[in-house]
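Hi everyone, thanks for coming. I have a few minutes on one structure, so let me put it up and we can walk through it together.

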Amino acid sequence: MTIAMAASELFPYVKSGGLADAVGGLCKELSRYETTIAVIPLYRSIDRVRFGIKPTEIAFTLELGKKAYDIKIYHAVFEGMETYFIYHPILCDSDTLYESSDNDLRFGVFAHALCVLAADHLSIDVLHLHDWQSALAAPLAKAVYKLECRVVLSIHNLAFQGVFAKEAVERLNLGWELFTMERLEFYDQVNFLKGGIAYADAVSTVSPSYALEIVSAEYGAQLEGFLLHHQEKLSGILNGIDTVEFDPSHDPSLGHPFDARHLDNKRRQKEALCDELSLSDSRRPLLAYVGRLAEQKGIRELVEVIRAVQDAPLNIVILGSGEGIYESLCKTLQRYENVKIILKYDEALSRRIYAASDFFLMPSTFEPCGLAQMIAMRYGSIPIVRRTGGLKDTVADFCDLEGRAPSEYAGIGIGMEACDVETFMHALIKALSLYGNEAMMREFIVYNMNKDFSWHRPALAYLALYRSLNP
Ligand code: ADP
């Protein structure tokens, strides 16, 4: 079986969040079983020299909306992962990944070029698309290019759908027959993700709980009715993490690597981070947040609760970047000496924070899967999470377990039904009492560090999904 995996981000080439990790990890694991080819845009920011990216002989012209787009295809094999890169200046040369007013054209060109590449140059059995940026390839593959392959769409976050003015229909040669309520039309606009859902043979989300949640008004982002209509092809497969990449015993970012049998080095890692960030008294519990600063992540509630506990004997570190209002909100915490706010994207520092922290905070209002809580558990940091989506599937509250082991997918942490200040405070009190019980804390850390959060099980589930579809 040959699988083409198309996405707008892929670790290690280009990453703005969990999508890149997920697609990269899945590609790597799938290629152990089947021929797997990734296809992504060749953004200007991608380091062609480092990754050995070379031009191929493949080049073609797309005629879209009476304009011609000359596409060039590049190729690389890096760490065993075969990747084709699609290059056109409109798609690849903008300053940011997604903050462009031309996104319909950019990712429309990407979807067309992907279909031409697949039809004329790759002999594939499965086209696996990820999120709205590649979703348009589903209607194009089925209704325009008539590719003879199975098409799977994975939704990593339903909040982002790729909705554009209906002029995109002509700009991208979609044909007005696709602009109907059952296909791409969405309140008189074009919705790429909706088109993908309509035409894919199977639609998956990145956790079982999120697959159930998105058919409800609370989580469905106005597509709940449409998703309900397509529910028979909807399933949830929990993401994994790349356990070779995220391995505290071999992580070059750590001065004191450790595994579950040598936790003394985790303590040294914590002392080193406290020194690095000028946090006093490293014996205090260290609470951390690493992630995008966005509404979804419950930042408002996080900031409120930190204000409420600023006198408590805790250290807190936030590493994040994102929306201006949440960066400003976080900055208001800078006056507390036990709170460190670092507003940037820093992969190496994130690893040192995962490794050093005792507790990892994820009060997300919704979370399709979430990778950060799994990385935290792998680095021995106990997650404190809102019980939603993938957080619900991967973290069991230690108070609910009463001595039993959690489900096969979950590690041990603290769950919150909501993330209002009162519930959050209650969770922090539980965390402090756990911190005071060294033996229990160590038992949970060791359990989580030994848990299999790898891509092994998810990759087998995707293979079963591909095979279940009619060729
Ligand atoms: P999402 O995809 O919604 O952003 P996930 O939890 O699925 O959230 O994945 C986030 C990934 O991005 C994790 O690998 C996390 O460590 C990383 N990350 C997010 N923000 C930062 C940051 N400021 N610095 C370093 N890594 C970050």
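How far apart do the C-alpha centres of domain 1 and domain 2 lie? In this model, which is a predicted one, the two centres are 32 Å apart. As for where the boundaries fall, domain 1 covers 2–240 + 456–468, while domain 2 runs over 264–449. Where the two domains meet, 20 residues from domain 1 and 20 residues from domain 2 take part in the contact. Between them, domain 1 and domain 2 bury about 1,500 Å², and 57% of that is on carbon and sulfur atoms.

Let's turn to some helix packing. Two packed helices are described by the angle between their axes and the distance between the axes. I'll take two pairs that way.

My opening pair is helix H10, residues 264–276, with helix H13, residues 347–356. Their axes come within 8 Å and cross at roughly 125°. That angle makes H10 oblique to H13. As for the hand, the crossing of H10 and H13 is left-handed. If you'd like to find the contact on screen, look on H10 for Lys266, Gln269, Lys270, Leu273 and Glu276. On the H13 side, look for Leu349, Arg352, Ile353, Tyr354, Ala355 and Ala356. Sorted by class, the contact of H10 with H13 comes to six nonpolar residues, one polar and four charged.

Now for the other pair: helix H11, residues 299–308, and helix H12, residues 324–331. How do these two pack? The angle is about 5°, and the axes are 10 Å apart. H11 and H12 are therefore roughly parallel to each other, by the cut-off of under 35 degrees. From H11, the residues in this contact are Ile299, Arg300, Val303 and Arg307, and they meet Ile325, Tyr326, Leu329 and Cys330 of H12. The class count for H11 with H12 is six nonpolar, no polar and two charged residues.

One last stop, and it's a single residue. Where is Glu295? You'll find Glu295 in the loop between strand S13, 286–293, and H11. Setting aside neighbours within four places in sequence, Glu295 is in contact with Glu323, Tyr326 and Thr365. As for Glu323, Glu295 is 28 residues away from it in sequence, yet the C-alpha to C-alpha separation is 8.5 Å.

That's my tour, and I'm happy to take questions.

How values were computed: Residues are numbered from 1 along each chain as its sequence is written. This is a predicted model: local features need pLDDT of at least 70, side-chain atom pairs count only at pLDDT 80 or more; totals for chains, interfaces and linings use all residues. Side-chain values use heavy atoms; hydrogens and water are left out. Axes are lines fitted to C-alpha atoms, for helices over the stretch in contact, and angles run from 0 to 180 degrees between N-to-C directions. Helices (H or I, at least four residues) and strands (E, at least two) are DSSP runs, numbered from the N terminus. Angles under 35 degrees count as roughly parallel, over 145 as roughly antiparallel, 65 to 115 as roughly perpendicular and the rest as oblique. A crossing is left-handed if the near helix is turned anticlockwise from the far one by less than a right angle, and right-handed if clockwise. Contact means heavy atoms within 4.5 Å. Ala, Val, Leu, Ile, Met, Phe, Trp, Tyr, Cys and Pro count as nonpolar, Asp, Glu, Lys and Arg as charged, and the others, Gly among them, as polar. Domain bounds come from an automatic or database domain assignment. Buried area is the accessible area (1.4 Å probe) that two parts lose on being put together, summed over both.
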